[in-house]
Amino acid sequence: MTDAVLVLEDGRTFAGRVYGATGRTLGEIVFNTGMTGYQETLTDPSYHRQIVVMTAPHIGNTGVNDEDPESDRIWVAGYVVRDPARRSSSWRARRTLDEELAAQGIVGISGIDTRALTRHLRERGVMRAGIFSGDALLADGERRPDDELLDEVLAAPAMAGADLAGEVSTDEAYVVEALGPDGQPLAEPVATVAAVDLGIKAMTPQRLAERGVRVHVLPATATIDDVLATSPDGVFFSNGPGDPSAATHEVDLLRDVLDRRIPFFGICYGNQLLGRALGYGTYKLGYGHRGVNQPVMDRLTGKVEITAHNHGFAVDAPLDGESTAPHDGGRYGRVVVSHVDLNDDVVEGLRALDLPAFSVQYHPEAAAGPHDAAYLFDRFVELMTAQNPNDEKGAA
Amino acid sequence: MPRRTDISSVLVIGSGPIVIGQACEFDYSGTQACRVLKEEGLRVVLVNSNPATIMTDPEFADATYVEPITTEVLTTIIAKERPDAILPTLGGQTALNAAIALDEAGVLEKYGVELIGANIPAIQKGEDREQFKQVVEVCGGESARSAIVHTIDDALAAVEDLGYPVVVRPSFTMGGLGSGIAYDEEDLRRIVGQGLHYSPTTEVLLEESILGWKEYELELMRDKHDNVVVVCSIENVDPVGVHTGDSVTVAPALTLTDREFQKLRDIGIAVIREVGVDTGGCNIQFAVEPTTGRVVVIEMNPRVSRSSALASKATGFPIAKIAAKLAVGYTLDEIPNDITGSTPASFEPTLDYVVVKVPRFAFEKFPAADDTLTTTMKSVGEAMALGRNFTEALGKAMRSIDKKGSVFHWAGEPAAGEELDALVATIGRPTEGRLIDVQQVLRAGVEVDEVYARTGIDPWFLDQVQLVNEVAAATAAAEVLTREVLAHAKRHGLSDAQVAQLRGTSEDAVRRARHAVGLRPVFKTVDTCAAEFAASTPYHYSAYDEETEVQPRERPAILILGSGPNRIGQGIEFDYSCVHAALALKGEFETVMVNCNPETVSTDYDTSDRLYFEPLTFEDVLEVYQAELAAGPVAGLIVTLGGQTPLSLAQRLADAGLPILGTSPEAIDAAEDRGEFGKVLEQAGLPAPAFGTATTLGGAKETARRIGFPVLVRPSYVLGGRGMEIVYDEHQLTEYVQRALDNAADGGRAGTLPPLLIDRFLDDAIEIDVDALFDGTELFLGGVMEHIEEAGIHSGDSACALPPVTLSTSELERIRLSTEAIARGVGVRGLLNIQFALVSDVLYVLEANPRASRTVPFVSKATGVSLAKAAALVMAGRSIADLRASGILPEQDASVLDLDSPVAVKEAVLPFKRFRTAQGVVVDTVLGPEMRSTGEVMGFDVDFPTAFAKSQEAAFGGLPTSGKAFISVADRDKRSIVFPVKRLAELGFEILATEGTAAVLHRSGIQSTVVRKYSAGRGADGEPTIVDLITAGDVDIVVNTPSGQGARADGYEIRAATTAADKAIVTTVQQLGAAVQAIEAAQAGPFAVTSLQEHDAAAARRREARAAVPA
């Protein structure tokens, strides 16, 4: 095993060993507290340009299988773990995680005090970082000095202001067919959804398809005409990487959807974009929510659900009571914060009262994570299939 | 929504005595519950027969009843206290069963008492196999194919479909009692027969074998709004087939993908909802087929369980505390997470460390017992350790077991040839030492895949064991012990001692080398959230990593060393004393607890100011001390409250310069060393039985001849009478020495006999136990206990009474003077326990232990004085006079007889039912000098007969008040039984006796029915032997005293049959006398109940009255 080093933007360094590919990677460093689901995390496009620190010490125990990825590649910019598995143990495993990371060219580092690193990020906030190993760490056979490495980290672009959806979105539209209760394709879908891929996870169209919905997945560059061409009963905006304040095209598209009163559901980035379309601000959290154990209250039922999160930005909307959507003199009407994180009171969901639109900041599709919030897909289907889409009950 | 306002008083039911499968985890949960309920302003009424618990300390409840947990007694308490509600989910299966019985008897309805935290249909659904199977089906899960049977014939029919092997599980028993795996018809008949007997509903489940599957547990909590959280997942390293209590377990689950884990979570949540657990915790066990991922739900416990305690300690999520809050109406989101202080309890803890639990067994106490691990739990305790990875946690957990041969080793060459073949063959059978055998097999080069095929232990875990072997090999091979080499070894859990073994050097040398390169562990925090939020609770564990989290402090710290895993001879009683020390010292000092037992109150993060969940070894304690010293001043360490484990570290810690509080290690040694102690006695003019020490067989024989047989022989430095025997002649002595030599050879010390202590055994002596406190000038006599059994029965297994029932004032005075002389002579500062034997008016000193004893909690409950608290303060520098002045100790101690004092009787609870020989019959139940009890109860009443009757009721369901009594005693006892047996006959018992005993009875005018001896076999017309009668349940009480040493076959068969039939058994004459008195008291009608608070108030009134009228 050879040496690798992790350099943080504020100058702190951690020495470790090569994990996955050797070389250099730069990105925003964030931590994920999930104890399971590394395969889903690695392939989640929302982690594009991020170096992910796993707080769970043992990573790779169940190897890599062909069923669990959330997209067709690993998206994380770098991977930081403490104790990588030497051997996979699962009847579904096809190869080891180490092999997979190396094959996909993902530069990782192992053997570092991930808890110390996490505490540092918690106190200082997320920041840019770089992992260096092999030739990237050496110059003429000598280890390069830290300040040289730090300069490279500081030269990397920051996450704030980054418009990244286009980098992760599908190039071509495709269809995920509706499924019947028997798991077979359904001839007559319950509804048709145009899902704008801003970094969509495979489980999302899957969850809709399981409910009898045909899903047209469209590229991030889709226009309102592309959306309308699918004759949608509803429009969906997915999760994705980047700063929502930079997503002008997507916000404009969403306003076109809202103006047509087409039922809308958004997840994660899609929630932030709904917030922006309605005229609320978004802001960057100190260190974000990334994990599978966040308690969120559904204010409609008063029940607490344990949810999967992956967000570094959040919507800034009034927590209590109804507010009027600020955009364009309030023409989108009243809005409530429908879901709230019980740990830190961050807005986790929005619901328009005068429009058939709602969204959540977290991941009801789970993968990885608990299935407590899967009911939100049912709400979307209800919203689309309700007799009168303007009926507030439908939006519930 | 705040707590319910329609409830103002709650009855909490405890779990009774510590038994296998139900240990002090329920003291931990019950204590948390009582605390919460009191904080909520509720009146708490508590019932628990176990005096060694923290929960039965009077300050934890408003009315504390140390009374038998029976329907009759509970009804009396309910009638007296009229609680609004009963919380039955925190006292294990005992409390749950008690609540069901109260419901069935109509008591709940009659007195309008509501069950909270559970409801009867939910309990039934969760625990009744057939109903539960339906629940699982509704929830989209699968159960193993199974059949419910009520007779052996049903079982034989069912197995034709299910096939062998088949799993047998009786309904409504705890700790898997009576369950097992049948491989053939003979097994089936035996196990089902027992199971039907143990099941209160005479119901047994037969199940398709899922042996070898991966086993998991989830701990869930639900509130009244139907919010559910999964607190923890636990993975068993030993696959299905070994009871989870006997398995090495890991948290979190380490070999599941998210999809598989979520499937378990979904099923678990559906099950808790479908069963209808209203509020509180539940535990669900799963099996996962390793080749397909097929999930089978094994069972659920609709209550707080042993695993809940483990999960609470593993995650920092206090399940019992939160269960109590939910029971009185709160919802999860309304309860704060204590650890972060800023987030709610409605979340799922996430771990950035690995937790490993290792069970501790006591097979050495039951040499005849089959040591195969099965679905019946046999371990007596457990240790838990946390590490930043599995290997580190495993290494720490294994060394926490504090028992020879419990850690990985690399001694000698790896096994090869026939030896290896034999070893490979043994690992298929799960045993206490299997993991070490696995390590040796891997070390010898056997492939992980082959070991997996034989053991079913997941290859990931096996690879980790192999990793430890590789690290060990690298450590051994390194030219120099560099920082890198050492760090690698420490990161994977190797102790300094293990490194020393690998390097052929000493532990001290390794430590010096390690410290020289600046390699020390850091201390991380258990924070429930993987550092996502700041933690305010200093609950630490060591790890070899970069950053430490110990916060600086101003107040001087006192480190309290706990007692480690429960074992026979060292259990909850010592934890009790440690907790009291923490409570007493809080405020003035920063209290720092060091312990590794997850079942205890001491390892609750609320008990001390700081908690270090660490092994109690020299290395680990030293590092904790160093870390605390770096954080602020350290006043010292308390090593005398946690039993032998911390005591045995005292000298080394002192030598390393650590300040030991209280009795000095030299003084501890003086009391242990026979020569030194002999001098103390001589100077004080106190007689001790003649004794000697020997290190050879010749020496032992000579010493025994000089002293005169019978003698008591034992290795020096033991607790719980380990290896202690009464030897009646030279032949037996030779056998004993040979066994000791064999043991020494097993321990790698062939040819050396450990020093043997040989004492004159005092026949027919009254044994007296004393607990006292000494501050250097003054003695406080805490309690004087008179044993019911004669000397020779280990004090831990003997019943005893306080105040002493037959001692005179002058004898008490002699005891007090002798105790003081010894305390002064030894140099005690703190607690002292002395055992005396009174023979023909001579008071012999048997032994003195300058530490907290097993009886401290019993004495404290019986007298209302917390000796352990006072001891902690004395060790911290306060004087007894000072403690008297501040009201912590009363003016008068136990040397002043209070004529109206009630009598407390302590009775031991023995685990014989759990242990069977390989042939499946119970092991012998004769008491001896080696302690074998797992727990104790207290009977407390106005006089000895009633108190003794209560203790019998609490310990094992009580003595019969009518029926048939079988009497068969050794010749030497025949004289002493005439009066008690005559009284038994007068009380209405039919007396059965074998010929010899019948003749003696006849000559004294006592009619008895002669029954056939077992050895005589059945009569010509099939007349049954006594064993047949007992087995058929026709005998209600058996009196059988063994003749001499070495039970004759008849005696063994009789006792084994009695234990198997669950009938009362009396094995000493003294017990018989007490039993007859107790039967008479029990016949007089239902027991009256008195709370400890009432007892204490009455005692205070009597003290005032005595003070007002000087004698």
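Modeller: Before we start, helices and strands here are DSSP runs, numbered from the N terminus. And keep in mind that this is a predicted model.

Biologist: Where is A:Glu365 placed in chain A?

Modeller: UniProt, in an unreviewed entry, lists A:Glu365 under "active site" along with A:Cys268 and A:His363. Skipping neighbours within four places in sequence, A:Glu365 is in contact with A:Lys201, A:Met203, A:Thr204 and A:Arg207. As for its place, that's the loop between β22 (357-360) and α10 (375-385) of chain A.

Biologist: Is A:Cys268 buried or exposed?

Modeller: A:Cys268 lies in the loop between β16 (264-267) and α9 (269-278) of chain A. Its contacts, leaving aside neighbours within four places in sequence, include A:Asn239 and A:His363. A residue needs 20 or more other C-beta atoms within 10 Å to count as buried. A:Cys268 has 32 C-beta neighbours inside 10 Å, so the call is buried.

Biologist: Which helix gives the most to the side of chain B that touches chain A?

Modeller: The contact takes 47 residues from chain B and 41 residues from chain A. On the chain B side, α9 (258-275) and α16 (459-477) each supply at least two residues. The one that gives the most, with 6 residues, is α9(B).

Biologist: How are α6(B) and α9(B) set relative to each other: oblique or parallel?

Modeller: Their contact is made by B:Val135, B:Val136 and B:Val138 of α6(B) and B:Val271, B:Glu274 and B:Val275 of α9(B). The axes come within 9 Å and cross at roughly 130 degrees. Roughly antiparallel would take an angle over 145 degrees. The two helices are therefore oblique.

Technical notes: Residues numbered from 1 in each chain as written. Chains lettered and ligands numbered in written order. Predicted model: local features only at pLDDT ≥ 70, side-chain atom pairs only at ≥ 80, totals over all residues. Contact = placed C-beta atoms within 7 Å. Helix = DSSP H or I, 4+ residues; strand = E, 2+ residues; numbered from the N terminus. Axes fitted to C-alpha atoms, helices over the stretch in contact; angles between N-to-C directions. Parallel < 35°, antiparallel > 145°, perpendicular 65-115°, else oblique. UniProt positions renumbered as here; feature names shortened; annotations may be inferred. Buried ≥ 20, exposed ≤ 12 C-beta atoms within 10 Å, placed from the backbone.
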